[in-house]
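Let's take a walk through a protein model together. Have the viewer ready, and we will go from the overall layout to a few local details.

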Amino acid sequence: MQNHPFVLGLRQAQEHGLEVWLLTGDRSWYTHGHDWESHPLARVDRVIDVDTTDLEAVLSVVTGEDGNPLVDGLTSFSDYHTELAAHAARRLGLPGPDPAAVRTANIKDQLRIALGDEPFNIPHVLVSHRAQLDEAARRLGFPMIAKPPAEAISYGVRRVDDMDPAPPTTGGPATAPAPASARGRSAASPA
């Protein structure tokens, strides 16, 4: 874990004299039940517990009483929060990517549509409900990869080899278990 990119980035930022704050909605997401103080992220200069899915809550902890930002920049190393970080940076007048571009990049089917006919853009089908499974199988064939279109760290990604019923928690061969951020849909691609 000491050579993980976020640990290296944290160390480099601090070596350059930057103060690093971590905004988190749930420390256990990082520690998986272990002690926070032993986790490499505990090296940040300040930990702020805040609802990281709520733009106004995030802005409230990085904005002074005078309305000016208390920070020089915002970023996220989690796909779950990159769009919100982009919105917060824009609202604070800080540099950052266009929130619409971040949203397009994070939602796999929108990214593939934006890529158009680029040779590296593999065939895909957005499956929003069970009735679309036959069409996905016809267009893509088997095996295919099913993944929630807005998830991070390969959460919910699985290989689908045929139309056999999937375990009850997945809802079908071209869907995958996912929290609400997946919007109940999956994008399927040939394996």
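Predicted model: local features only at pLDDT ≥ 70, side-chain atom pairs only at ≥ 80, totals over all residues.

Residues are numbered from 1 along each chain as its sequence is written, and side-chain values use heavy atoms, with hydrogens and water left out.

The secondary structure of the chain comes to seven helices and six strands; here helices (H or I, at least four residues) and strands (E, at least two) are DSSP runs, numbered from the N terminus. Read from the N terminus on, the order is α-β-α-β-α-α-α-α-β-α-β-β-β. Of the 191 residues, 37% count as buried, where buried means under 20% relative accessible area (1.4 Å probe, protein chains only). Take the contacts (heavy atoms within 4.5 Å) between residues at least 6 apart in sequence: 53% of them join residues at least 24 apart.

Now zoom in on the loop between α2 (28–31) and β2 (46–49), where H39 is found. Is H39 buried or exposed? With a relative accessible area of 10%, H39 counts as buried. Its side chain has two polar contacts to look at (pairs of N or O atoms within 3.5 Å; within protein, one must be able to donate a hydrogen and the other to accept it, and residues adjacent in sequence count only if both atoms are side-chain atoms). A polar atom of the H39 side chain lies 3.2 Å from the backbone oxygen of Y30, and the H39 side chain reaches the backbone nitrogen of L41 at 2.9 Å.

W36 has its place in the loop between α2 and β2 too, and W36 is buried, with a relative accessible area of 9%. Leaving aside neighbours within four places in sequence, W36 is in contact with L22, R27, Y30, T31, L41, A42 and V47.

Finally, look at helices α3 (residues 55–62) and α4 (residues 82–92). Their axes, lines fitted to C-alpha atoms over the stretch in contact, come within 10 Å and cross at roughly 50°. That makes α3 oblique to α4, since angles under 35 degrees count as roughly parallel, over 145 as roughly antiparallel, 65 to 115 as roughly perpendicular and the rest as oblique. In this contact, L55, E56, V58, L59 and V62 in α3 meet L84, H87, A88, R91 and L92 in α4.

Note on methods
Buried < 20%, exposed > 50% of the residue type's maximum accessible area, 1.4 Å probe, protein only. Axes fitted to C-alpha atoms, helices over the stretch in contact; angles between N-to-C directions.
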